[in-house]
Amino acid sequence: MTTLTAPDRRGTDSNKWRRYDADVLPLWVADMDFAADPRIAEAIRERLDHGVLGYGRATEGQREVLVRAMLRDHGWRIEPEWLVFLPGVEGGFNMGLSAFTSPGGGVLEELPVYAPLRAAPGHWGLTLNEIWQRPEDGRWSSDATEMEDAARASDALLLCNPQNPTGRVYTRAELEYRAELCLRHDMVLISDEIHCGLVLDGRSHIPAASLSREIAARSVTLMAASKTWNVPGLKTAFAIVPDAAMRARFEGAKRGMVDSVNVLGLAGMSAAYESCTDWRDAVRARLEGNRDLLAARLPGLIPGARMLPPEAGFLAWIDFRALGLPVPAAEFFLDRARVALSGGTDFGSGLEGWARLNYGCTPELLDEALQRMAGAVRDHRGQG
C-alpha cells in the first residue's frame with residue numbers, strides 16, 4: 001500500500017512556505033505538501049550516477065513512456081514524434097500564442113482562470129475575449145451563445161482542462177462543442193491539461209485533441225508530471241502537437257527564450273508516468289478526503305462561504321462575498337487568520353470577494369487553517 005508523507009517544509013527552499021512569515025499557513029500556490037514517490041528520486045539518483053550532466057534531450061525510451069501513458073490513462077494513441085519537451089506549461093501556451101496568432105487578434109478564454117493564462121494574450125498584443133463561467137446545477141458551466149459570439153472574434157481558444165481555479169472537468173459533450181467552435185471559426189486550440197492526472201471520484205480526463213483527427217490537426221496539448229506527482233521543481237513538461245507543420249511553427253516560437261529541458265527532470269518525469277500510478281491513486285484518494293472535509297466543514301465554520309466541490313485537483317474556489325469583509329478575502333484571512341490564500345483578482349477582475357484555497361496538505365493542517373479562518377470571521381462579526 002502506498003503511503004503519503006508530508007515532511008516539514010519550513011526552513012527549506014520551498015517557495016510556498018518561504019513567501020510569508022513563519023506563523024502563516026500557506027494554502028496558496030498550486031504545490032502540494034506531499035513528498036514525491038521515492039521511485040522518482042531513485043530515477044534521478046540513477047541518472048546522477050552516470051556522472052556526466054551535459055546538454056541532453058529526451059531519449060526514444062522516454063518518448064515511448066509518454067506514448068504508453070497517454071494510451072493507458074486517456075485512451076489516446078499518440079506518436080513519439082508529436083512530443084515537444086519544454087521547461088514548463090506556461091512557456092508552452094505562450095509559445096502557442098506567439099506561433100499561431102498575430103497582434104490585434106483575439107483569444108477566447110473561460111474565466112475565472114489561472115493568472116498566467118489570463119495574462120498570456122496581452123504578452124502578444126491580443127485581445128482577451130472573456131467568457132465567464134457560472135455555477136449551475138452543482139457545476140460550473142459557460143453559456144454557448146456567448147462562446148459562439150466570442151469565437152467569431154478569436155484566433156485561438158486557450159482552454160484549461162481540468163479548469164483552474166474552479167476544478168471543473170469538461171465532459172465529452174462540452175469538449176466536442178469547443179472543438180466544433182474551433183473548426184467553424186478557424187481557431188487554434190491550445191489546451192493546458194496540467195491537472196489531468198488528478199481527476200477525482202472515478203472521473204476520466206478527455207484530452208480535447210483526442211476527439212477527432214480534425215481537432216488534433218489544429219491543436220497543442222500541454223501536460224506535465226508536475227501537478228499529479230508533485231514535482232513542479234523539476235521544471236519539465238511536454239506539448240503534444242500532432243500536425244507536423246504546426247509542430248515546426250511551435251518549435252520555432254522558442255526564439256531563444258525557451259531552453260531545453262534538464263536531464264534530471266526528464267528522468268523524474270519518465271519514472272512518474274511509467275512506475276508511479278499507485279502513488280497517483282493514493283494522492284487522489286487523499287485529495288478526495290480533504291475536499292470532502294472542506295466541503296462539509298466550511299458552511300458550519302464560516303456561514304455564508306460557498307464553494308462547488310472541485311471535480312479534479314487540489315484547489316477550491318470559494319465565494320466569501322456574503323461575509324461582507326472590509327477588504328479582499330485573501331487579504332482579510334492573511335491579516336486576521338494568518339492563512340495565505342490566492343486572491344480572487346488573480347483569476348479575473350472584480351473577484352475581490354473570492355479566494356482559492358490549496359487543500360493539497362495534511363488534513364490536520366487544513367483543519368487548523370479552517371479553524372483560524374472561522375475565528376477571524378467570528379472576531380470580525382463581533383466587532384461589527
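This report describes side-chain interactions in a predicted model, beginning with a histidine and moving on to aromatic rings and salt bridges. Local features need pLDDT of at least 70 and side-chain atom pairs count only at pLDDT 80 or more, whereas totals for chains, interfaces and linings use all residues. Residues are numbered from 1 along each chain as its sequence is written, and side-chain values use heavy atoms, with hydrogens and water left out.

**His205**

His205 is found in the loop that runs between strand E8 (188-192) and helix H8 (213-216); helices (H or I, at least four residues) and strands (E, at least two) are DSSP runs numbered from the N terminus. Its relative accessibility is 4%, and therefore His205 counts as buried (under 20% relative accessible area, with exposed over 50% and partly exposed in between, for a 1.4 Å probe and protein chains only). The side chains of His205 and Glu193 are joined by a polar contact of 2.7 Å, a term for a pair of N or O atoms within 3.5 Å, where within protein one must be able to donate a hydrogen and the other to accept it, and residues adjacent in sequence count only if both atoms are side-chain atoms. Apart from neighbours within four places in sequence, the residues in contact with His205 (heavy atoms within 4.5 Å) include His74, Asn161, Cys196 and Met223.

**Aromatic rings**

Rings of Phe, Tyr and Trp (its six-membered ring) pair if their centres lie within 6.5 Å, planes under 30 degrees apart counting as stacked, over 60 as edge-to-face and the rest as tilted. The count by this rule is eight aromatic pairs. In one of them, the ring centres of Trp317 and Phe347 are 5.3 Å apart with planes at 70°, so the pair is edge-to-face.

**Salt bridges**

A salt bridge is a side-chain nitrogen of Lys or Arg within 4 Å of a carboxyl oxygen of Asp or Glu, and the count by this rule comes to 31 salt bridges. Three of them are tabulated here.

| Salt bridge | N to O distance | Placement |
|---|---|---|
| Glu274 and Arg68 | 3.0 Å | helix H10 and helix H3, 206 residues apart |
| Asp73 and Arg280 | 3.3 Å | helix H3 and helix H11, 207 residues apart |
| Arg284 and Asp281 | 3.5 Å | both in helix H11, three residues apart |

Arg280 is buried, with a relative accessible area of 8%, whereas Asp73 is partly exposed at 25% relative accessibility.
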